[in-house]
Amino acid sequence: MDNLHECRALVVEDTADIAQLIRLHLEDLGLVVTCAGDGLSGLEQARSGAFDLIVLDVMLPGMNGLEVCRAIRADATRYTPILMLTARASELDRVVGLELGADDYLGKPFSIPELQARAKALLRRAEKMRGAVVAAAPEQVRVGDMLIDTSRHEVRLNGKSIALTAKEFDLLLFLAHNPGRVYSRAQLLDAVWDTTLESYEHNVNTHINRLRGKVEADPANPRYIVTVRGVGYRFADPHAA
């Protein structure tokens with residue numbers, strides 16, 4: 001994304017100096033930035049404003065960032081990328097945040113170039129996803145008893161709605177749009193998380209396992225999301241399902 005001047009960012013950070021630092025350097029990219037100093041007001045802003053990016057601290061008064069992230073992702077009417085800020089030593093917060101639907105995380109203390117690079121990467125990825133849906137992707141993908149509805153951001157099995165996080169939905173949709181094709185963890189990271197960092201690869205396994213637990217009748221013998229040993233994962237060929 002080259003032109004960020006029409007993009008809006010919400011920064012939810014209770015330390016005023018850090019919030020203003022983030023605001024300053026996101027504005028340097030051309031973004032229009034709104035700040036909130038606690039979790040409850042941040043969630044209210046997120047629900048009332050059409051933002052293109054949310055920068056969300058984990059440690060917040062009133063309602064922590066993980067709870068805010070979960071609440072934002074519970075509303076599927078609009079998808080907004082979330083960049084979470086967390087203490088560098090808090091591996092649990094990072095993993096839980098990603099599983100709740102955060103798109104990326106940044107450990108404190110962070111460098112300004114890294115903040116700007118991650119923000120731009122998330123905005124580019126969101127734009128690419130919107131463009132792909134508008135340009136070519138069918139609104140519905142059906143395989144066997146599974147229906148993936150992109151317009152409603154919903155997955156149904158035998159007519160029953162299945163609750164997925166935003167990232168689980170993205171991963172399932174990507175695989176379903178390319179049935180039969182095998183993807184390595186690195187390829188899935190690049191396509192779904194828009195990163196090539198090897199330290200993220202365990203998140204692919206985590207999300208695959210969580211998806212199977214939700215969409216497979218027998219997760220140990222999956223019908224839809226199949227492991228190709230030593231290579232990666234593929235989605236079932238609809239003609240074979």
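**Briefing: a helix, a hairpin and buried side chains**

The model is predicted.

**Helix α2**

- Helix α2 spans residues 39-48, and its buried residues are Gly39, Gly42, Leu43 and Ala46.
- An α-helix has 3.6 residues a turn, so residues three or four places apart point the same way.
- The other side of α2 carries the exposed residues Leu40, Glu44 and Ser48.
- What do the buried residues of α2 pack against? Their partners are β1 (8-12), β2 (32-36), β3 (53-57) and α3 (65-73).

- Strand β6 covers residues 140-143. Val141 and Val143 make up its covered face, while Gln140 and Arg142 make up the uncovered one.
- In a regular strand the side chains alternate between the two faces of the sheet.
- Strand β7 (residues 146-149) runs antiparallel to β6, and four bridges join the two.
- Arg142 stands opposite Leu147 in β7.
- Two residues lie between β6 and β7 in this hairpin. In the turn, Gly144 has a positive phi of about 60 degrees.

**Aromatic rings**

- The count of aromatic pairs comes to two.
- One of them joins Tyr224 and Phe235: the ring centres are 6.2 Å apart and the planes meet at 25 degrees, so the pair is stacked. The cut-off for stacking is an angle under 30 degrees.
- This pair links distant parts of the chain, eleven residues apart. Tyr224 is in the loop between α8 (201-215) and β10 (225-228), and Phe235 is in strand β11 (residues 232-235).
- Are Tyr224 and Phe235 buried or exposed? Tyr224 is buried, with a relative accessible area of 3%. Phe235 is buried too, at 1%.
- Another ring has a charged neighbour: Arg8 lies over the face of Phe51, at 4.4 Å from the ring centre.

**Asn203**

- Where is Asn203? Its place is in helix α8.
- Asn203 has a relative accessibility of 1%, so Asn203 counts as buried. The cut-off for buried is under 20%.
- Leaving aside residues up to four places away in sequence, Asn203 touches Leu98 and Trp193.

Conventions: Residues are numbered from 1 along each chain as its sequence is written. This is a predicted model: local features need pLDDT of at least 70, side-chain atom pairs count only at pLDDT 80 or more; totals for chains, interfaces and linings use all residues. Side-chain values use heavy atoms; hydrogens and water are left out. Rings of Phe, Tyr and Trp (its six-membered ring) pair if their centres lie within 6.5 Å; planes under 30 degrees apart count as stacked, over 60 as edge-to-face and the rest as tilted. Buried means under 20% relative accessible area, exposed over 50%, partly exposed in between (1.4 Å probe, protein chains only). A charge sits over a ring if NZ of Lys or CZ of Arg is within 6 Å of the ring centre and within 35 degrees of the ring normal. Contact means heavy atoms within 4.5 Å. Two strands pair if DSSP finds at least two bridges between them.
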